[in-house]
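Here are a few notes to go with the model you sent over. Have it open while you read, and check each point against the picture.

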Amino acid sequence: MDFTGRVAVVTGAGGGLGRSHALLLASRGAKVVVNDLGGGVRGEGGDASPADTVVAEIKEAGGEAVANYDSVSDPEGARRIIQTAVDTFGGIDILINNAGILRDKTFKKVDLADFRAVLEVHLLGTVYCTHAAWPIMNAAGYGRIVVTTSLAGTSGNLGQSAYGTAKLGMVGLVNSLAIEGARNNVRINAISPGAATRMTDGLNPPAVDRYLTSELVSPGVAYLVSEECTVSGQILQSMAGGYSRVHYFETEGVQFDPQQPLTPEMIADRYDEISDLSTATPTEPGIAGRTEQRLRSIGRWEP
Ligand code: NAI
């Protein structure tokens, strides 16, 4: 897979997963904007050296890269990150939204300022960077975007209500933008990674910890931002060298007569059937779900 001539922005690329993504793309010929605010794991402080170090590593290996130190959570900063790609390398083909912070607390104890900070970096940071890149990619008729979600969002995790909210919010963004970008060959997908980084220090089960390298995740991300990638709107999970797809399903459900009154007791009586996952099929883009199929089943589908 060759990325020669492609311009990539990787946010939060001064360490961990982002650094690994940036090094892999650069080694395959991409020109990379290495963005990193350089703060602590909670998102406090700032330091140019993490981004500078990764840029130096890329250049030493013969690649092309430029550093940017703006925060993704500042709309103007996000615009400057994307503008750095345009000014330095003439455009943007690839955006990997990876920057993130952690402020875990159980919901009972969570400080709303912390909750907001987590949403601002993960969710709004992803929105701001994507919003700045979107018109450029759509006008060019080419774009590949990745957002970084988490099992904490798609499945839930103790003490990660803010993080999980932000991580699942991104999936909503991906679902809509996959539809909006389709006709301009702008594809957007999510990576749900697992890697031993400073963010997960001490959190991973020891049995898998030794296999949790960022270098085992980056090939999946590189595929998603490649020309070869034809999928859009998907969640690719990658952990310890294992790859799978996470998706939403809808059960067959129960169709009541829509012209008759419905009571809470009727829902309770048939709740097992309504929620029976053995009848589930993957959700499709759009908002109707399996409504047509259910209405047809009782002869009430009259377009
Ligand atoms: P990390 O802490 O090593 O990397 C995050 C990077 O983002 C840091 O270099 C940090 O300076 C930068 N950053 C933070 N706030 C920023 C801002 N406002 N603007 C620009 N840069 C900022 O952690 P890791 O593990 O590499 O995380 C990367 C992404 O992967 C995050 O979005 C994280 O939530 C996600 N993730 C990681 C998992 C793991 O197992 N490591 C699991 C699921 C998701």
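The points below go through a helix pair and then a set of strands.

1. Before anything else, keep in mind that this is a predicted model.

2. Start with the helices. Two packed helices are described by the angle between their axes and the distance between the axes. Here, helix 1 (residues 16-27) packs against helix 2 (residues 49-60) at an angle of about 25°, and the axes lie 10 Å apart. Angles under 35 degrees count as roughly parallel, so helix 1 is roughly parallel to helix 2. As for handedness, helix 1 and helix 2 make a right-handed crossing.

3. Which residues in helix 1 and helix 2 meet? On the helix 1 side, look for Arg-19, Ala-22, Leu-23 and Ala-26; their partners in helix 2 are Val-54, Glu-57 and Ile-58. Sorted by type, the residues of this contact come out as 5 nonpolar and 2 charged, with no polar ones.

4. Now find strand 6, which covers residues 186-194. Is strand 6 mostly covered or mostly uncovered? Mostly covered: of its 9 residues, 8 are buried.

5. Strand 6 pairs with strand 5 (residues 143-148); the two run parallel and are joined by 6 bridges. To spot this pairing on screen, pick out Gly-143, which sits opposite Val-186 in strand 6.

6. Strand 6 also pairs with strand 7 (residues 235-239), again in the parallel sense, this time over 5 bridges. A handy landmark here is Pro-193, which stands opposite Ser-238 in strand 7.

Technical notes
Residues are numbered from 1 along each chain as its sequence is written. This is a predicted model: local features need pLDDT of at least 70, side-chain atom pairs count only at pLDDT 80 or more; totals for chains, interfaces and linings use all residues. Side-chain values use heavy atoms; hydrogens and water are left out. Axes are lines fitted to C-alpha atoms, for helices over the stretch in contact, and angles run from 0 to 180 degrees between N-to-C directions. Helices (H or I, at least four residues) and strands (E, at least two) are DSSP runs, numbered from the N terminus. Angles under 35 degrees count as roughly parallel, over 145 as roughly antiparallel, 65 to 115 as roughly perpendicular and the rest as oblique. A crossing is left-handed if the near helix is turned anticlockwise from the far one by less than a right angle, and right-handed if clockwise. Contact means heavy atoms within 4.5 Å. Ala, Val, Leu, Ile, Met, Phe, Trp, Tyr, Cys and Pro count as nonpolar, Asp, Glu, Lys and Arg as charged, and the others, Gly among them, as polar. Buried means under 20% relative accessible area, exposed over 50%, partly exposed in between (1.4 Å probe, protein chains only). Two strands pair if DSSP finds at least two bridges between them.
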